[in-house]
Amino acid sequence: VTLTTGVYRIEGTAVHPVKQDLSLSYSPFVLHRSHQDPGRVFVGLIDGLASLRLDPTGRWIDEGRIVDTPVIRNIAEPEPGTLWLGTESSGVLRLQFAAGPPKNPRITRFGRKDGLPGDGGASVHMAGGQLVFTTKLGVRLFDEKAGRFAPAPMFDVVSFGGSPEEHGLEQDQNGEIWLNFGRETARLRHQPDGTYRPDKTPVQRFADSTAMKILPETNGLVWF
């Protein structure tokens with residue numbers, strides 16, 4: 001888990017530091033387990049990206065800071081070795097790593113010039129087998145061939161509120177997409193023809209409440 005003072009692991013009722021810094025110079029917001037190396041965890045910090053690695057003896061190794069960035073709020077990895085970072089105020093970044101230790105990635109920065117609605121914060125998610133980018137001004141998908149972002153009208157089913165880091169979007173084991181962009185909650189039901197149909201029935205009692213985090217379980221439960 002992350003706190004402003006570092007990264008910690010929980011065993012039973014005990015909490016143990018993995019990487020602690022009481023000076024707050026290592027303040028993490030998000031963790032992401034690497035798809036390229038499952039023993040590695042990327043750490044999105046208030047001012048950069050770092051990594052930790054679990055060695056064969058069960059000891060966590062601090063691999064240090066990879067790159068300085070604006071505040072990182074979320075991380076998505078559509079394919080092993082490629083990270084997309086959603087920042088609090090400066091669009092999105094794509095980092096492409098070679099095999100081996102995560103050093104010297106190729107970095108591409110994206111903003112309004114690339115089709116995002118603005119140059120402010122953006123949140124990045126995975127749903128429906130593709131990357132989904134949310135901002136205060138709308139949702140976008142990334143066209144890899146064109147190298148640009150395009151509108152995503154299928155997500156125009158809820159209103160927006162708050163900042164992108166407050167947006168939640170998750171897909172469950174049945175292919176249903178649950179979303180909240182800072183103001184109201186909805187479900188997109190996967191149809192036989194591959195499209196999605198909005199349905200707010202399961203969340204009517206709290207549809208107008210903010211849900212920053214959404215956690216679907218494999219047993220059908222969804223936590224907000």
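Which residue forms a salt bridge with Lys19, and how far apart are the closest N and O atoms? The partner is Asp62, with 2.9 Å between the closest N and O atoms. The legends below describe a predicted model, in which local features need pLDDT of at least 70, side-chain atom pairs count only at pLDDT 80 or more, and totals for chains, interfaces and linings use all residues. Residues are numbered from 1 along each chain as its sequence is written, and side-chain values use heavy atoms, with hydrogens and water left out.

**View 1. The whole protein has zero helices and 21 strands.** Helices (H or I, at least four residues) and strands (E, at least two) are DSSP runs, numbered from the N terminus. The radius of gyration, taken over C-alpha atoms, is compared with a globule rule of 2.2 Å times the number of residues to the power 0.38. The protein has a radius of gyration of 18 Å, close to the 17 Å that this rule gives for 224 residues, so it is as compact as a globular protein of that length. The C-alpha trace spans about 45 × 45 × 30 Å along its principal axes.

**View 2. Strands S8-S9-S10-S11 form an open antiparallel sheet.** Two strands pair if DSSP finds at least two bridges between them. Strands S8 (72–79) and S11 (106–110) stand at the edges with a single partner strand each, so one side of each is left without a neighbour in the sheet. On average, neighbouring strands are turned by 20 degrees against each other, direction ignored (axes are lines fitted to C-alpha atoms, and angles run from 0 to 180 degrees between N-to-C directions). Five bridges pair S8 with S9 (residues 82–87), and Ile75 has Leu85 as its bridge partner in S9. Ala98, in the loop between S10 (92–96) and S11, is exposed at a relative accessible area of 56%.

**View 3. A second open sheet of four strands has the order S12-S13-S14-S15, with antiparallel pairing.** Its edge strands, S12 (123–127) and S15 (148–151), each pair on one side only. The twist averages 40 degrees from one strand to the next. S14 (residues 138–143) is joined to S15 by four bridges, and Arg140 has Pro151 as its bridge partner in S15.

**View 4. Strands S18 (residues 185–190) and S19 (residues 196–199) run antiparallel and are joined by four bridges.** Arg189 stands opposite Arg197 in S19. The hairpin has five residues between the strands, and Gly194 takes a positive phi near 95 degrees.

**View 5. Salt bridges number 16 in the whole structure.** Each is a side-chain nitrogen of Lys or Arg within 4 Å of a carboxyl oxygen of Asp or Glu. Lys19 and Asp62 form one of them. This pair links distant parts of the chain, 43 residues apart, with Lys19 in S3 (residues 14–20) and Asp62 in S7 (residues 60–68). Asp62 is partly exposed at 39% relative accessibility. Another salt bridge joins Arg73 and Glu88 (2.8 Å, N to O). Arg73 lies in S8 and Glu88 in the loop between S9 and S10, so the pair ties together parts that are 15 residues apart in sequence.

Technical notes. Buried < 20%, exposed > 50% of the residue type's maximum accessible area, 1.4 Å probe, protein only.
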